[in-house]
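The entries follow in the order I looked things up.

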Amino acid sequence: MNHYIIFLFVFILERGICFENCKPNIAIIGGGIGGAASSHFLTELFKNNLNIDLYEAKTIGGRLATIQMDDNEFEAGGSIIHPENKYMQEFVKLLGLEHVPSNNQRAGIWNGEEFVFEESNWEIVSLAKLFYKYGIQPFSLNRYINSIVNSFAKIYNLQDAGKSFENITSFLTVMNAEFPKLLQISIKQYLLNLGYAEKLIDEIVKATSVVNYGQDTNIHSFVGSVSLAGAGFNLWSVKGGNKKVPEHLIYRNRNVNIVPSCVTKIVNVPIENGTNLYEVHYRNKDSTTVMKSTYDIVIVATPLIRDQEFPIIFEGFPNNDLHSIGKYHKTRVTFVQADLKPNYFGLIEGIDAILSCEPNKTIVSSVGKLSSVDGLMKHSRVWKIFSNTPLKEGIINEMFSNINAVKEIVWDAYPEYSTEIHEAKFKLHNALYHVNAIEWAASAMEMSAISGKNIAILAHENFSQKCNFKRTQQTQADVPENTPSIEL
């Protein structure tokens, strides 16, 4: 009997070694915060037992980018981070980066004819002015938004427990059963139903949706609430630029191989027993030569829209059109190194930030004075202007004097939000996932990080099940038919 026990021990040992070599080859398409977070959380879950090829057609960091003016760098993409953003806080600590608190800027809300609200240099005076104009409702609204933030924060414990979601509805429902309903009603109608005054909505709420998402209060209520949360206190950014987070998460990960190429096609390749692999076709953006590599898991961390800059073709899937039915909002960011002309806005003296509540009249969505990303340059002459259409030279000359430089960046920045039901999926196929699906709920750095962790959990769970299935089959195939039973 002893030789049977030895045989079984060796058999189990060999199988155990084989199991540990169940190592996935993973492709991540996109090197923004979503792709970077996915690579980080996958590496944690697979305990470094994985290979990742990360495809980036342009620059690591994606929509987190900076622009240089007069030997200083300024945020060009995502600029502010909420104090309750757990993953961004953890990334900064893990990577040895530093916080830069947002400046206390004096802001005003402009409708193109007058300032409907203008802050004071004294906070107590600003609060008094707010109460005088709108009553207690701004403070009530702030409490309500904080309750939404607290409900949403449940996602962190759920993800720590290994909970994952295949679509937006299940993702939102688990935090609050009311959240999916917020996707089906505009923020204006929702707040009206709650009893908030139209004046408050058309001025303060609209100003936040215009500056954060370039859109009116017809956006759905969930993203509208995220926009209002982004107008809170104690906001911050990363010293050196928010792009430092995806850069460091990717470059410091020894399991990640960066492929500076654009992906042109993803092909589903069935193999056996209902399983499959994926062929990723790619080329250097300056070349016509197409190459391909095969993967167990593919994670798309870019928007899947029909007019995207680097379109991806899907082939061999039950539904080869995996693109979103929606589109992304094109916004323009104009940087001007100059002096503001207060009289253009009907002001006697200067102001730090101007938020529009009537972008069709004002042309611009917002005008704000910038500090450099290192946090040292508090009083720059660089202004950041958001607009939905190009700013003509004449308008810039009317707004500013002593102009030294003008630069423009055009972004497909975030989705065009509406109240049409859009069931975005994180899982597109067996082991094909989409990080940016979360943007149809709301687009923000922390949302992308949360989606990256969700997909890492999903991918790890699905691949582990696939490996266990293969192990079972292999074990059954390797056990000799006449192996005697062991008596104890």
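**Entry 1: a serine in a helix**

I looked up Ser38 and found it buried, at 0% relative accessibility. The model is predicted, so I take this as a computed value, below the 20% limit for buried. Ser38 sits in helix H2, which covers residues 33-45. I then listed its contacts, leaving out neighbours within four places in sequence: Ile28, Ile299, Val435, Gly452 and Ala456.

**Entry 2: the sheet**

I found Ile28 standing opposite Ile299 in S13. Strand S1 (residues 25-29) and strand S13 (residues 297-300) run parallel and are joined by 4 bridges. H2 packs on this sheet, where it touches S1, strand S2 (51-55), S9 and S13. I noted about 160° between the direction of H2 and that of S1.

Next I wrote down the strand order of the sheet: S9-S2-S1-S13-S21-S20. The sheet is open, has 6 strands and shows mixed pairing. Which strands stand at the edges? They are S9 (256-259) and S20 (427-429); each has a single partner strand, so one side of each lacks a neighbour in the sheet. Neighbouring strands are turned by 20° against each other on average, direction ignored.

**Entry 3: a surface patch**

Last, I checked Trp122, in the loop between strand S7 (115-118) and helix H4 (123-134). Is Trp122 buried or exposed? Its relative accessible area is 62%, so Trp122 counts as exposed, the limit being over 50%. Together with Ile124, Val125 and Leu127, Trp122 forms a nonpolar patch on the surface. I noted about 430 Å² of accessible area for the four together.

Notes:
Residues numbered from 1 in each chain as written. Predicted model: local features only at pLDDT ≥ 70, side-chain atom pairs only at ≥ 80, totals over all residues. Heavy atoms only, no water. Patch = residues over 30% accessible without salt bridge, like charges linked within 9 Å, V, L, I, M, F, W, Y side chains within 5 Å. Areas by Shrake-Rupley, 256 points an atom, 1.4 Å probe, with all protein chains shown as cover. Salt bridge = Lys/Arg side-chain N within 4 Å of Asp/Glu carboxyl O. Helix = DSSP H or I, 4+ residues; strand = E, 2+ residues; numbered from the N terminus. Buried < 20%, exposed > 50% of the residue type's maximum accessible area, 1.4 Å probe, protein only. Contact = heavy atoms within 4.5 Å. Pairing = 2+ DSSP bridges. Axes fitted to C-alpha atoms, helices over the stretch in contact; angles between N-to-C directions.
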